Amino acid sequence: MKTLYYSSRLVCTLFFFLGCSIGLSAQNDYISNSRIINEDRIDDLNGDCGILLISKHKDLVIYPVKTEKKDFQIKVDGKREDGLYEYRVIFDKDATRNPKLEISREGNVYKTEFTSVIKPDFLIAYLIEEVTNPIRMDDQTQPSDFVTDEKLAEIEFTTSIKDLQIACPIELQAKIEQKVNPSDENIHITSVIIPVATLEAGKNKMELAQKEYKDWFAKLENDENAAAEDTNWEKLEELEQKQDAAEMAYSELTNLEVYADLTNRLSINIGDLKGKMKKCYAVLELVKTDTVIVDPYDAKITEGNRLFGIRKYKDAKEIFALAKNEQGANETQRRAAQTSINLCDTCIFYDEQAGTALREVIRIRKTGGTQQEAYQYVNGAIEFIQKLYHLNPSVFYSERIDRLERQLEKQPLFIMFTCVEWKTLQEGKALQGLEIWAYKGKQRPLSSAYNSDRKFRKMLDKQTADFELIGITDEKGVVELEFNRAQLPAGIFFRPQNDGKTKIEYRNMQDVMLQAEGDFTHRQVRMKMYTKN
């Protein structure tokens, strides 16, 4: 029998997977969140809404508060070229438009939380970081607070922090005044005086650009002669760029940031300010204290969620069971706890199966066996870890999937795509003649760059080296493609050949691999592509 010594590195990696424990070092800094408007982006979310979390930490534990599991998904997009990690939290468009997130790091008792206003096919961006001196704001505006001049509005900050800074865009033309509270020299008051005309001008410019784009788009949809002229589509692209620029300019114009040395940055949106309005905020230093939860059921659920986030599924299950049996829990709470228990059972099963598969690889290495046998078990481990990733997304799992998949790089990979129409609630016909393009670019393409066939062609012309046509579907909407595991594309474009009723779709390769079903050499993906009726 052929001895299996294809890579001692693989066996060392497997021992690491099986034997490593998570070191939870003492952490002295608070985790915090800050809005970063310049990282907001359009994304193809099929009408759903999203929050983008950016952090230098790869061990974030993300918990959408009071949102059912079926109404959200967390996608760990991995490490960017600048060393930061991206996490996308996608919410069902019909579930909520103002979700609340709680975020912590593995093994850290501190957490940060915020509520955001989200919109379809768009990601609202936040920076998640640890800071030495965390701060927060309290709105202390009273009905009696106002400005006498109807052309002005005011934001007032009261704080004991000596070096507090207020960042205002130059275009706002705001005036900043600072003084010490006459009754307490340790209290500093900073006033930002804002001419409301600059806010109104920015809003009017944005709304005009939106109307121009909307009207021209409607003209091309309803006038076949106009739609036949390339120059009209070029004008639409110019109007869209003008609209995007006006929206971004208004977002930046209406955002103030508050910060000091070694603190997080707090954001205030001032888009709702009118003449004579005054808002007052107290900026406070956070005192590091342990969170106290009075309700026994909530305390247990919170602890169970924390343990689940750091993959201690058996411990989490025990805590959820205690919550379920809590004397004061109502029927709805008991059902929720049981759902969490069931989820833990599923994760425990897949975790044990992954461990069994990896131990088999080690056994084969010690006793002698074929390379093909080892590959089968490695692939099995990948399958189970992918299941865990779906249930509890984290960089911990995605990195292990990547490491194991590198052991299979020399093995063939065939993926069969079946592409069909998706008409809101049901499948339509098979999509024949649909082009499959491999995308090899470094930057994730924006959905606005391919939301029409014309734009897609333009992108092809500009980035020819980043694209390769690798297949076309047959009359059944099927195409089977062979990939080099060592040189997988960044993603795949699905481009329909029709009258524009079916949207061009993009899937990054990580999502494709996670969605694909089958064994480690032959996999299948069913692509449902949105099609207008």
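**Group meeting: a walk through the predicted chain**

The model is predicted, so local features need pLDDT of at least 70 and side-chain atom pairs count only at pLDDT 80 or more, while totals for chains, interfaces and linings use all residues. Residues are numbered from 1 along each chain as its sequence is written, and side-chain values use heavy atoms, with hydrogens and water left out.

Glu240 sits in helix H4. Helices (H or I, at least four residues) and strands (E, at least two) are DSSP runs, numbered from the N terminus. Setting aside residues up to four places away in sequence, Glu240 touches Tyr213, Ser448, Asn451 and Lys455; contact means heavy atoms within 4.5 Å.

Now the helix itself. H4 covers residues 230-253, and its 24 residues should span 34 Å at 1.5 Å a residue; the end C-alpha atoms are 35 Å apart, which agrees. The expected span is 1.5 Å times one less than the number of residues. The buried residues of H4 are Asn232, Leu236, Glu237, Leu239, Glu240, Gln243, Ala246, Tyr250 and Leu253. On spacing in general, an α-helix has 3.6 residues a turn, so residues three or four places apart point the same way. Cover for the buried residues of H4 includes helix H2 (196-222), helix H3 (224-227), strand E15 (255-259) and helix H10 (453-462).

Next, the cores. What are the members of the largest nonpolar core that touch the most others? They are Leu53 and Leu101, out of 57 residues. A nonpolar core here is a set of buried Ala, Val, Leu, Ile, Met, Phe, Trp, Tyr and Cys residues joined through side-chain atoms within 4.5 Å. Helix H7 (residues 331-367) supplies the largest share of this core, eleven residues. Another core, of 26 residues, lies apart from it and has Leu199, Met206, Leu256 and Ala260 among its members.

Leu53 has contacts, beyond four places in sequence, with Ile62, Tyr85, Glu86, Tyr87, Val89, Leu101, Ile103, Phe114, Tyr126 and Ile128. Take Val89 from that list. Val89 lies in strand E6 (residues 85-91) and counts as buried because its relative accessibility is 0%. Its contacts, again leaving aside neighbours within four places, are Cys49, Gly50, Ile51, Leu53, Ile62, Pro64, Gln73, Ile74 and Leu101. Val89 and Cys49 are 40 residues apart in sequence, with 8.5 Å between their C-alpha atoms.

Gln173, not a glycine, has a positive phi near 60 degrees. Gln173 is in the loop between strand E12 (165-167) and strand E13 (175-180), and is exposed, with a relative accessible area of 57%. Lys276 is not a glycine either, and its phi is positive at about 75 degrees. Lys276 belongs to the loop between strand E16 (266-269) and strand E17 (278-285), and counts as partly exposed at 37% relative accessibility.

Last, the whole chain. Its secondary structure comes to eleven helices and 26 strands. The C-alpha atoms fill a box of roughly 90 × 70 × 45 Å along the principal axes. Of the 533 residues, 46% count as buried. Among contacts with a separation of 6 or more, 74% are between residues 24 or more positions apart.

Key: Buried < 20%, exposed > 50% of the residue type's maximum accessible area, 1.4 Å probe, protein only.
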